[in-house]
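User: I am new to this model and would like to learn how to read a few of its features. Could we go through them one at a time?

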Amino acid sequence: MKLTIHEIFEQWQKALQAEISTLKDKGGSSVHIRHGKMISSHKDEYIYVFYTSSDVYLVEGAAVRIKYNEEDYLGEIISVEGNQLIVTLATYIGKTVSDLELSTEPWRLIEALLTRLDEASNDQQKLRQVSKLLRGNAAVNHHQQHAETPLKEVVNRSLYNDTTYVWGPPGTGKTFTLSRVIVQNYVKGQKILVLTHSNAALDVVMLAVTNFLSERGRWKTGDIIRYGMSRDEQVIAHDSLLSSTIAEQIHHQIRDRKMVITEQKDYVKEKIEAKQHVPIQSVTSLQTELEGYRSELTEAEKEVILRARVIGVTLTKAAVDKQIFDRNYDLIVIDEASMAYVPQIAFAATLGKRIVVCGDFQQLPPIALSDNLYVNRWLKEDIFRKTNIVTTLEQQGKHPNLFMLTKQRRMHPDISAFSNVEMYQSNISDHLTVKKRAIIARKKPYPGDAMIFIDSSYFQAFAMKDEIYESRFNLITACLALHHIFVAYRNGHKSIGYVTPYRAQARIISTWLNERMPLSKLAEGTTITAATIHKFQGSERDFMIFDIVDSNGQLTAGQLLTNKQSSRLVNVAVTRAKGKLLTIADQPFIKSKVGKDKAISKLLNHMHKKNHKQSHDNIVASLTDERGSKQLTWYRNNEVNDILLKDISNANKRIMISVPQLHNYHNQLWPVLKDLSNKLVITIITEEPEQIPLQSYHLVQKRVLQPFVIIDERIIWAIAHTDIQVAAKMNAPQTVRLLLKYLNIPLAKRNQMQVRETILLHHPTISLKNYISTWHYCYVCNHQQSSFINEEGRIILECKHCYSKRVLSDKILAKYLQYIDARCKQCHSKLNEEMKNGQAAIYCSTCKVYYDAKRLW
């Protein structure tokens with residue numbers, strides 16, 4: 001049934017309201033912060049400094065929420081300098097704190113969009129503009145004779161047609177085309193609003209416009225402005241592109257105030273770095289100056305905006321800023337349209353007479369969290385599909401309002417070959433200029449190869465799950481990726497990127513890079529970025545690594561690789577590379593778990609048929625002959641034993657060993673550990689405790705398939721083959737701590753050491769952990785529960801549906817002991833539950849001995 005425009009608006013409002021509710025429930029977007037320290041306090045105000053794993057994009061003055069020990073605290077960002085944040089809180093949370101979550105409130109932006117749509121629904125002119133956009137069949141008014149170039153065709157459409165859709169596959173020159181469209185409309189006296197989904201994409205388009213006009217001597221200060229926050233160095237350095245820069249030039253007192261703020265920031269930063277007390281007056285003064293500066297700048301920027309003829313701003317800022325949405329424009333230009341909500345683009349259409357919508361519906365769609373009928377219908381699909389342009393294209397091969405860019409200038413032909421055939425039905429061809437990408441391909445690793453496939457099954461890598469967020473990670477593929485990143489850097493690659501479907505894996509890589517290869521230590525002009533595929537859309541790098549992560553250890557492949565959006569995700573991952581793409585994947589696992597029709601299967605088959613797959617010997621030679629960083633080194637089997645045993649012997653505090661199969665560990669290991677067991681805390685992670693040839697150790701009885709050794713929470717050895725054919729040694733304390741957090745393994749203390757003895761007469765048919773997840777239901781919502789061990793060593797039951805948590809009770813433990821018919825190994829008596837020190841414990845009434853319930857977890 002065809003909906004009226006009023007019914008569509010009603011559905012949009014329901015969708016946006018549902019998404020707002022979900023965002024509020026989940027607490028908004030968050031970032032992990034650590035090493036928090038209170039640097040000053042006054043009355044009911046407490047100033048803290050925090051650090052993030054990587055640089056974050058947060059606005060000074062923004063309201064934030066900090067989660068610590070399951071409690072929420074409201075605050076405000078005072079300063080952002082790289083990965084250092086200064087935040088003021090109304091509540092004291094401790095002198096030093098760590099492992100917190102800082103979240104913003106993104107629903108405020110959606111609330112603003114709701115208001116704009118409500119206003120538009122009462123304006124007949126705006127309703128007509130939205131209707132034209134959604135019909136996807138606007139009148140074609142441009143001259144339809146064959147244009148000299150694709151660029152002239154798009155420019156003509158933008159000048160004469162109410163609605164123009166541009167389909168721009170990766171590397172086909174979307175930025176080039178849109179910048180020329182903007183310039184040609186500008187020189188004809190048009191008022192133009194340029195909108196993008198992200199700040200980064202907006203910077204790229206506005207710089208392209210700026211450079212084109214400047215090179216031809218046609219740049220006029222104030223005509224073309226970039227409005228809003230930017231992190232791009234070129235945009236910031238430009239003397240007349242940012243609206244704030246122009247405002248400061250006109251009003252000198254604003255510039256002077258900014259200089260005072262910079263001096264105050266430097267003073268506070270120096271105090272923090274010197275670990276000195278920061279006077280509360282300094283922080284209060286900085287806040288006052290910031291508030292005054294922002295107020296004056298806002299007023300001054302109003303003048304700049306009124307005079308401008310081309311304004312570049314993000315879609316979200318356009319909906320919240322009266323200076324933008326209260327104006328009328330001749331032309332609206334939207335880039336990254338495929339990532340924007342359909343209601344966002346509809347709102348943009350209400351602001352101008354004509355609109356150009358540019359994007360690629362074969363790349364990632366908009367992201368929404370709510371599982372709601374209207375959200376799924378309107379917020380999780382792109383504008384091209386909702387206007388039936390894609391359907392028409394599939395049925396008829398063309399669409400009158402759509403123009404496709406068909407010459408790709410980004411990728412080496414070996415890289416573009418896959419996406420061209422599988423994603424774009426051979427409609428894309430390589431421009432002659434891509435031949436120069438061979439210069440990148442000739443560099444190491446694997447010189448001469450532009451497309452490289454490393455089969456992680458050679459190393460028996462295991463995929464695991466972060467037990468907090470259930471995102472997947474793979475220690476072996478992480479070590480493979482980091483080695484190749486370092487080799488690429490050392491061999492002259494200036495821009496290096498790493499993508500993966502999984503947030504947990506991306507965080508391992510970015511944590512190691514920030515710890516061992518921070519930007520400050522890289523050669524000038526070099527960038528190395530690690531992120532999820534979703535965050536990498538719109539970016540490109542000379543050398544890219546695509547780490548699929550999924551492998552043995554998981555029953556199925558992840559939904560990101562198998563759902564209906566998976567082809568778009570793979571497309572984005574592959575097409576970020578300009579000259580070299582290295583893909584790490586477990587081919588046998590993917591072949592057995594993923595259908596042949598899925599993009600990831602097609603990619604691996606394509607690389608196999610084109611001989612892009614590296615042999616086992618080539619990979620091992622690259623890992624061990626081309627030594628990587630001193631902080632991450634791969635060793636052959638003839639080196640591993642001596643170096644590993646030496647590292648273990650030199651341990652100072654703790655040794656933690658994951659032992660999935662004891663018989664595969666070298667016999668020399670156990671005598672060394674036995675000698676150290678009276679000096680160090682030794683933790684063994686295994687499901688086979690009865691086979692451990694030690695007397696004194698701390699047991700973590702759980703299933704961790706990946707063999708590894710952690711020494712002093714500083715060094716981790718990743719055993720890549722069960723016969724220790726090759727292994728990686730990583731020296732990175734922050735990364736190791738992150739892995740321990742993922743695995744949910746508490747650090748054992750000296751008085752927690754357990755004497756080796758199997759407490760049960762018979763091996764249980766099911767672990768306590770599996771018993772809880774199978775048979776126990778939430779007391780709040782009656783959904784199945786899972787369990788984990790917290791930092792205090794307590795077994796916690798958690799409901800993934802309502803997020804309620806509770807400590808393991810004696811009643812649940814009693815039912816479990818009865819279920820497995822638990823009997824004492826020593827006296828064969830039945831084991832019972834009893835409370836000991838506030839925790840449910842196992843008790844033998846005959847032997848008068850208590851056992852920790854974790855031993856059966």
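User: Which cysteine sulfur is closest to the sulfur of Cys824, and how far away is it?

Analyst: First, a caution: this is a predicted model. As a general idea, a disulfide is a covalent bond between the sulfur atoms of two cysteines. Here the closest cysteine sulfur to that of Cys824 is in Cys827, at 3.8 Å. The cut-off for a disulfide is 2.5 Å, so the sulfurs of Cys824 and Cys827 are too far apart for a bond.

User: How many disulfides does the structure hold?

Analyst: The count for the structure is 0.

User: Is Cys824 buried or exposed?

Analyst: Buried is the word for a relative accessible area under 20%. Cys824 has 1%, so Cys824 is buried. Cys778 has 3%, and therefore is buried too.

User: How do I read the packing of two helices, for instance α4 and α5?

Analyst: Look at the angle and at the distance between the axes. Helix α4 covers residues 150-160 and helix α5 residues 174-187; their axes lie 9 Å apart, at an angle of about 50°. That angle is why α4 is called oblique to α5. The crossing of α4 past α5 is right-handed.

User: Which residues make the contact?

Analyst: From α4 come Leu151, Val154, Val155, Ser158 and Leu159. From α5 come Phe176, Thr177, Arg180, Val181, Gln184 and Asn185. By type, the residues of this contact are 6 nonpolar, 4 polar and 1 charged.

User: Which residues of α4 are buried, and what do they pack against?

Analyst: The buried residues of α4 are Glu153, Val154, Val155, Arg157, Ser158 and Leu159. Besides α5, the buried residues of α4 pack against the strands β8 (163-167), β12 (329-334), β13 (352-359) and β14 (402-404).

User: Where is Ser243, and what does Ser243 touch?

Analyst: Ser243 belongs to helix α8, residues 243-250. Its relative accessibility is 0%, so Ser243 counts as buried. Leaving out residues up to four places away in sequence, Ser243 touches Ile225, Arg226, Tyr227, Gly228, Glu301 and Val304.

User: Where does Ser658 lie, and how far is Ser658 from Ile684?

Analyst: Ser658 is in strand β25, residues 654-658. Ser658 also counts as buried, because its relative accessibility is 0%. Ser658 and Ile684 are 26 residues apart along the chain, while their C-alpha atoms are separated by 6.1 Å.

Definitions and conventions
Residues numbered from 1 in each chain as written. Predicted model: local features only at pLDDT ≥ 70, side-chain atom pairs only at ≥ 80, totals over all residues. Heavy atoms only, no water. Buried < 20%, exposed > 50% of the residue type's maximum accessible area, 1.4 Å probe, protein only. Axes fitted to C-alpha atoms, helices over the stretch in contact; angles between N-to-C directions. Helix = DSSP H or I, 4+ residues; strand = E, 2+ residues; numbered from the N terminus. Parallel < 35°, antiparallel > 145°, perpendicular 65-115°, else oblique. Left-handed = near helix turned anticlockwise from the far one by under 90°. Contact = heavy atoms within 4.5 Å. Nonpolar A, V, L, I, M, F, W, Y, C, P; charged D, E, K, R; others polar.
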